Amino acid sequence: MQTKRNFSVTLLDEMDDQLEGMIYNIRKMCHDLHPIIVEDLGLEPSLQSLKREFELNYSILIHVQFNCEFKIISKNHEIQVYRIIKELLNNAVKHSKGKNIKVLILEENGFYQCSVKDDGIGFDVPDNFFDFSKGNHLGLLTIHRQIAELNGSMRISSDKGQGTFVTFTIPLDWEDKNEYTYATSG
């Protein structure tokens, strides 16, 4: 290009840098769509890795507590739980302005019970879940749909100045056709 089109070396270097950045972003998006780490290592080590990534990139402290009897569940469902927690962490980092996030995952009575709590600014939780689509909460709407597909339930508690607490429960017996629910509390 430089010899045929009379481009400057500086311009070509800038284009090269931009292409490398795009390639990196595409690879990252592919990884986010299908996190291989969960397949290779399992949910708990993957969440520890995610914790380190968030702490390094966002200067936030994340506490992860994993209390499960290690009942075998499908990798697909582990990936779904990982994605949900990752999106909740992204929401907390993006919106809460908090400095600490606590993640708890426990297995109890045939369910994964998961919670993500931040110490941020909080927000007014709408009474109807679908009101999330009217505000800046599309991530929560997506999470709700993911949990619904897994026959789970979700609860969001938040008060201004008090942070946000999101819990979700997913049955380990994936063949169950439990009805999912959504609840709010202020």
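A residue counts as buried when its relative accessible area is under 20%. With that cut-off, select the whole protein chain of this predicted model: buried residues make up 38% of its 186 residues.

Next, colour the chain by secondary structure. Followed from the N terminus, the elements come in the order α-α-α-α-β-α-β-β-α-β-β-β. Of the contacts between residues at least 6 apart in sequence, 68% join residues at least 24 apart.

Now select residues 43-58, helix H4, together with residues 75-96, helix H5. Two packed helices are described by the angle between their axes and the distance between the axes. For H4 and H5 the angle is about 20° and the axes lie 11 Å apart. Angles under 35 degrees count as roughly parallel, and H4 and H5 are therefore roughly parallel to each other. Their crossing is right-handed.

Show the side chains where the two helices meet. On H4, pick Leu43, Ser46, Leu47, Leu50, Phe54 and Tyr58. On H5, pick Glu78, Val81, Tyr82, Ile85, Lys86, Leu89, Asn90 and Val93. These contact residues divide into 10 nonpolar, two polar and two charged.

Finally, centre the view on Ser46, in helix H4. Is Ser46 buried or exposed? Ser46 has a relative accessible area of 0%, which is under the 20% cut-off, so Ser46 is buried. Apart from neighbours within four places in sequence, Ser46 is in contact with Ile37, Val38, Leu41 and Tyr82. Select Val38 as well: the side chain of Ser46 reaches the backbone nitrogen of Val38 at 3.3 Å.

Technical notes
Residues are numbered from 1 along each chain as its sequence is written. This is a predicted model: local features need pLDDT of at least 70, side-chain atom pairs count only at pLDDT 80 or more; totals for chains, interfaces and linings use all residues. Side-chain values use heavy atoms; hydrogens and water are left out. Axes are lines fitted to C-alpha atoms, for helices over the stretch in contact, and angles run from 0 to 180 degrees between N-to-C directions. Helices (H or I, at least four residues) and strands (E, at least two) are DSSP runs, numbered from the N terminus. Angles under 35 degrees count as roughly parallel, over 145 as roughly antiparallel, 65 to 115 as roughly perpendicular and the rest as oblique. A crossing is left-handed if the near helix is turned anticlockwise from the far one by less than a right angle, and right-handed if clockwise. Contact means heavy atoms within 4.5 Å. Ala, Val, Leu, Ile, Met, Phe, Trp, Tyr, Cys and Pro count as nonpolar, Asp, Glu, Lys and Arg as charged, and the others, Gly among them, as polar. Buried means under 20% relative accessible area, exposed over 50%, partly exposed in between (1.4 Å probe, protein chains only). A polar contact is a pair of N or O atoms within 3.5 Å; within protein, one must be able to donate a hydrogen and the other to accept it, and residues adjacent in sequence count only if both atoms are side-chain atoms.
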